[in-house]
Amino acid sequence: YVILIVLQIILPVVERSMTIAGISTRKLVSKDFVTEPSEEKLRKAGHLMAQKLAGSLALVTCKEPLRSNLATHIRNFLADIGFSEVRIDK
């Protein structure tokens, strides 16, 4: 059940992050490697940049929604099994 909650949040975030990273990478690599004669270096730099950008953006974007969604589900679960009040101190 928890896996489904996580997937509902992470999959759209990862897709969006990949799209943004792909567009950004294309622009950055074409600008930064305009004089690079080696296509292999250009391709490798693009792959690495896209991976890092997408990963970092996905991490930053999904952290808060994932935390709040999990907290809500835990609160609901505890209420269902008889806990009437749950206090989470930050």
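Helices (H or I, at least four residues) and strands (E, at least two) are taken as DSSP runs and numbered from the N terminus. The structure is a predicted model, in which local features need pLDDT of at least 70 and side-chain atom pairs count only at pLDDT 80 or more, while totals for chains, interfaces and linings use all residues. Residues are numbered from 1 along each chain as its sequence is written, and side-chain values use heavy atoms, with hydrogens and water left out.

Two packed helices are described by the angle between their axes and the distance between the axes. Axes are lines fitted to C-alpha atoms, for helices over the stretch in contact, and angles run from 0 to 180 degrees between N-to-C directions. Helix 1 spans residues 2-32 and helix 2 spans residues 39-80; the two pack at an angle of about 150°, and their axes are 7 Å apart. Helix 1 is therefore roughly antiparallel to helix 2 (angles under 35 degrees count as roughly parallel, over 145 as roughly antiparallel, 65 to 115 as roughly perpendicular and the rest as oblique). The crossing of helix 1 and helix 2 is right-handed; a crossing is right-handed if the near helix is turned clockwise from the far one by less than a right angle, and left-handed if anticlockwise. In the contact of helix 1 with helix 2, 23 residues are nonpolar, seven are polar and one is charged. For this division, Ala, Val, Leu, Ile, Met, Phe, Trp, Tyr, Cys and Pro count as nonpolar, Asp, Glu, Lys and Arg as charged, and the others, Gly among them, as polar.

The largest nonpolar core consists of five residues, I9, V13, A58, C62 and L66. Such a core is a set of buried Ala, Val, Leu, Ile, Met, Phe, Trp, Tyr and Cys residues joined through side-chain atoms within 4.5 Å. Buried means under 20% relative accessible area, exposed over 50%, and partly exposed in between (1.4 Å probe, protein chains only). Helix 1 and helix 2 are the elements that give two or more residues to this core, and the largest share, three residues, comes from helix 2. Contact means heavy atoms within 4.5 Å; with residues up to four places away in sequence not counted, L66 touches V6 and I9.

Individual positions were then examined along helix 1. S17 lies in helix 1 and is buried, its relative accessible area being 2%. Residues up to four places away in sequence aside, S17 touches A54, L57 and A58. V29 also belongs to helix 1 and counts as buried at 7% relative accessibility. Beyond its neighbours within four places in sequence, V29 is in contact with V34, L42, A45, G46 and M49.

T35 is located in the loop between helix 1 and helix 2 and is exposed, with a relative accessible area of 72%. T35 and T25 are ten residues apart along the chain, and their C-alpha atoms are separated by 16 Å.

In helix 2, G55 counts as partly exposed at 40% relative accessibility. G55 and M18 are 37 residues apart in sequence, and the C-alpha to C-alpha distance is 8.2 Å. R67, also found in helix 2, counts as partly exposed at 42% relative accessibility. The C-alpha atoms of R67 and V6, 61 residues apart along the chain, are separated by 9.8 Å.
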